[in-house]
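Notes follow as I went.

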Amino acid sequence: MEAKENQIIVVDEDGVEYAMEILFTYENDERCAKYVLVYDHDAPDDIYAFRYDDEHNLTEVTDDDELDEVEEVLNAYQDEFQDEA
């Protein structure tokens, strides 16, 4: 499967590939971590968060502190997006 513009391919533990739309990326300098938030085009309300490295390897965010941070960043993004609409 090949990713289109603004997409990444996520592979689950069974090796199944999913083309996901990139919502946005951000970095946390304190953690030296980069994050990407993605969603499936067919289910845009389901947003997934991953850490990624310089080789674009993805690791699902499961740490409670990181998930709280991601939720805060996502809420700020959504608030900003709604203000522009």
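**Pockets, then the sheet**

I started with the lining of the largest pocket and sorted its residues by class: 8 are nonpolar, 4 are charged and none is polar. A reminder to myself that this is a predicted model.

Next I looked up the space in that largest pocket and got about 320 Å³. The elements that each give two or more residues to its lining are β1 (7–11), β2 (17–28), β4 (43–52) and β5 (58–60). β1 has the largest share of that lining, with 3 residues. I wrote down some names from the lining too, including Ile9, Val10, Val11, Tyr18, Met20, Phe50 and Leu58. Asp12, Glu13, Asp40 and Glu60 are also among the lining residues.

Then the second largest pocket, which holds about 160 Å³ of space. I found Ile8, Ile9, Ile22, Thr25, Val36, Tyr52, His56 and Leu58 lining it. By class that lining has 6 nonpolar and 2 polar residues, and no charged ones. β1 and β2 each supply at least two of its residues.

With β1 turning up in both linings, I went on to the sheet. I see an open sheet of 5 strands, antiparallel in its pairing, ordered β1-β2-β3-β4-β5. β1 and β5 are the edge strands with a single partner each, so one side of each has no neighbour in the sheet. From one strand to the next the twist averages 50°.

Last entry: I checked how β1 meets β2. The two pair in the antiparallel sense over 5 bridges, and Gln7 stands opposite Glu21 in β2.

How values were computed
Residues are numbered from 1 along each chain as its sequence is written. This is a predicted model: local features need pLDDT of at least 70, side-chain atom pairs count only at pLDDT 80 or more; totals for chains, interfaces and linings use all residues. Side-chain values use heavy atoms; hydrogens and water are left out. On a 1 Å grid over the protein atoms alone, a cavity is a set of points where a 1.4 Å probe fits but cannot get out, and a pocket is an open set with protein on both sides within 12 Å along at least five of seven lines; lining residues have an atom within 4 Å of a point. Grid points are joined across faces, edges and corners, and a volume is the space filled by probe spheres set on the points. Helices (H or I, at least four residues) and strands (E, at least two) are DSSP runs, numbered from the N terminus. Ala, Val, Leu, Ile, Met, Phe, Trp, Tyr, Cys and Pro count as nonpolar, Asp, Glu, Lys and Arg as charged, and the others, Gly among them, as polar. Two strands pair if DSSP finds at least two bridges between them. Axes are lines fitted to C-alpha atoms, for helices over the stretch in contact, and angles run from 0 to 180 degrees between N-to-C directions.
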